[in-house]
Amino acid sequence: MVKAGYRLLFLGGLLSWLCLAFPATSELQRLQHRVKPDGSLSFLVVGDWGREGNYNQSEVASQMGVIGEKLDIDFVISTGDNFYDCGLTGEDDPAFFKSFTDIYTAPSLQKPWYNVLGNHDYRGDVEAQLSPVLKEKDSKWVCFRSFILNAEIAEFFFVDTTPFVNEYFTDPIEYNYDWKGVEPRDEYLFSLVKDVDSALKASSAKWKIVVGHHTIKSAGQHGVTVELEKQLLPVLEANDVDLYVNGHDHCLQHITSTDSDIQFITSGGGSQAWRGKISSWKPEEMKFYYDGQGFLSVNMTGDRADLVFYDVFGQVLHKWSISKQLHDAA
């Protein structure tokens with residue numbers, strides 16, 4: 001735990017400086033979602049999906065509908081890269097229907113979809129995805145840059161991770177990223193880190209779950225996002241976060257940590273996958289890796305969470321449970 005201790009010291013100094021440098025920050029948008037009458041909560045997680053039904057997106061969506069009905073899910077979480085290859089061109093872009101409304105048609109999926117933005121979304125008109133006009137077109141669409149979902153037994157902290165990544169600013173290749181609302185970048189990131197830290201500290205939820213697009217720990221093609229490892233991970237470790245859930249790598253992945261109790265979950269198999277690029281990882285941390293399409297289900301109560309990865313055929317690939325009483329995975 002020495003490594004985590006250094007991170008906490010760094011975090012304390014960073015946040016003290018932030019309070020002086022950027023004293024005026026706005027609180028994150030807060031949403032509410034009630035648990036079921038029995039006190040439980042069920043949801044699906046999918047990422048990197050928006051390809052107008054291609055690359056098995058429609059097949060994954062079909063199986064999500066089946067599992068969603070079986071679990072009577074309360075909502076869906078999208079880990080970003082909602083529309084390929086370059087986001088939406090505007091509020092009237094037909095890709096919104098072709099990649100979202102016309103694909104996720106199962107009755108069980110007509111629940112709120114809580115979305116974060118991915119790097120591909122930032123290559124288009126970001127504010128189109130944030131616009132209330134899209135919710136008027138499809139009532140299940142919910143998207144903000146960063147926000148909090150209070151679901152009684154759990155709080156979900158959705159974090160806009162794309163602006164953390166240096167290469168999108170220094171080496172964007174041929175892409176034009178839409179940084180409206182982000183620049184000046186330093187202020188945006190400092191305020192965001194501060195707000196997430198404050199919100200996590202204030203949370204009394206039994207479960208704290210952070211959702212972002214980019215990986216923190218991953219053996220996939222993109223690997224570790226060093227900017228998040230340095231700037232966001234210390235905040236998660238300091239505030240007893242249970243899960244960090246992301247997409248970006250087009251795979252399904254479950255990693256634990258020898259430095260903290262956080263579990264790192266990649267659910268980025270919503271469409272194109274099978275990239276075949278896997279790096280070595282500590283065997284004591286790597287619990288599961290699948291280089292293909294699929295999604296995650298979570299069913300939780302106040303003291304237990306059951307998590308399952310499914311493939312494109314709806315077959316169970318990996319399942320595990322987390323107990324809040326024992327605070328370890330079974």
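This is a predicted model: local features need pLDDT of at least 70, side-chain atom pairs count only at pLDDT 80 or more; totals for chains, interfaces and linings use all residues.
Colleague: How do you know whether Gly65 is buried or exposed, and which residues is Gly65 in contact with?

Modeller: Gly65, also placed in helix H2, has 6% relative accessibility, and it therefore counts as buried under the 20% limit. Beyond its neighbours within four places in sequence, Gly65 is in contact with Ala106, Ser108 and Leu109. Pro107 is 42 residues away from Gly65 in sequence, yet the two C-alpha atoms are 7.2 Å apart in space.

Colleague: Which other residues of H2 are buried, and what covers them?

Modeller: Besides Gln63 and Gly65, the buried residues of H2 are Gln57, Val60, Ala61, Met64, Ile67 and Gly68. The cover over the buried residues of H2 includes S2, strand S3 (75-78), helix H3 (95-101), S4, strand S13 (294-300) and strand S14 (304-311).

Colleague: Why is Asn115 called buried, and which residues does Asn115 touch?

Modeller: Asn115, in strand S4 (residues 113-115), has a relative accessible area of 0%, and so it is buried by the 20% limit. Residues up to four places away in sequence aside, Asn115 touches Trp49, Ser78, Asn82, Trp141, Val142, Cys143, Phe144 and Phe147. A polar atom of the Asn115 side chain also lies 2.9 Å from the backbone oxygen of Trp113.

Colleague: Why is Arg34 called exposed, and what makes its pairing with Glu152 a polar contact?

Modeller: Arg34, in the loop between strand S1 (29-32) and strand S2 (41-46), has a relative accessible area of 65%, and is therefore exposed, given that exposed means over 50%. Its side chain is joined to that of Glu152 by a polar contact of 2.6 Å, and the contact has that name because the N or O atoms of such a pair lie within 3.5 Å. Not counting residues up to four places away in sequence, Arg34 touches Leu41, Asp74 and Glu152. Arg34 and Asp74 are 40 residues apart in sequence, with their C-alpha atoms 8.7 Å apart in space.

Colleague: How many cavities of 30 Å³ or more are counted, and what makes up the lining of the largest cavity by class?

Modeller: The count comes to two cavities of 30 Å³ or more. The largest cavity holds about 50 Å³ of space, and S2, strand S8 (207-211), strand S9 (243-246) and S13 are the elements that give two or more residues to its lining. That lining is formed by Phe43, Val45, Ile77, Ile209, Val211, Leu243, Val245, Leu296 and Val298, and by class it has nine nonpolar, no polar and no charged residues.

Colleague: What lines the second largest cavity, and how do those residues divide by class?

Modeller: The second largest cavity, with about 40 Å³ of space, is lined by Gly220, Gln221, Asp249, His250, Cys251, Arg275, Lys277, Tyr289 and Asp291. These divide into two nonpolar, three polar and four charged residues, where Gly counts among the polar ones.

Colleague: Which residues lie nearest the centre of the largest pocket?

Modeller: Asn119, Glu167, Tyr168, His222 and His248 lie nearest the centre, out of 24 lining residues. The largest pocket contains about 390 Å³ of space, and its lining has eight nonpolar, nine polar and seven charged residues.

Definitions and conventions
Residues are numbered from 1 along each chain as its sequence is written. Side-chain values use heavy atoms; hydrogens and water are left out. On a 1 Å grid over the protein atoms alone, a cavity is a set of points where a 1.4 Å probe fits but cannot get out, and a pocket is an open set with protein on both sides within 12 Å along at least five of seven lines; lining residues have an atom within 4 Å of a point. Grid points are joined across faces, edges and corners, and a volume is the space filled by probe spheres set on the points. Helices (H or I, at least four residues) and strands (E, at least two) are DSSP runs, numbered from the N terminus. Buried means under 20% relative accessible area, exposed over 50%, partly exposed in between (1.4 Å probe, protein chains only). Contact means heavy atoms within 4.5 Å. A polar contact is a pair of N or O atoms within 3.5 Å; within protein, one must be able to donate a hydrogen and the other to accept it, and residues adjacent in sequence count only if both atoms are side-chain atoms.
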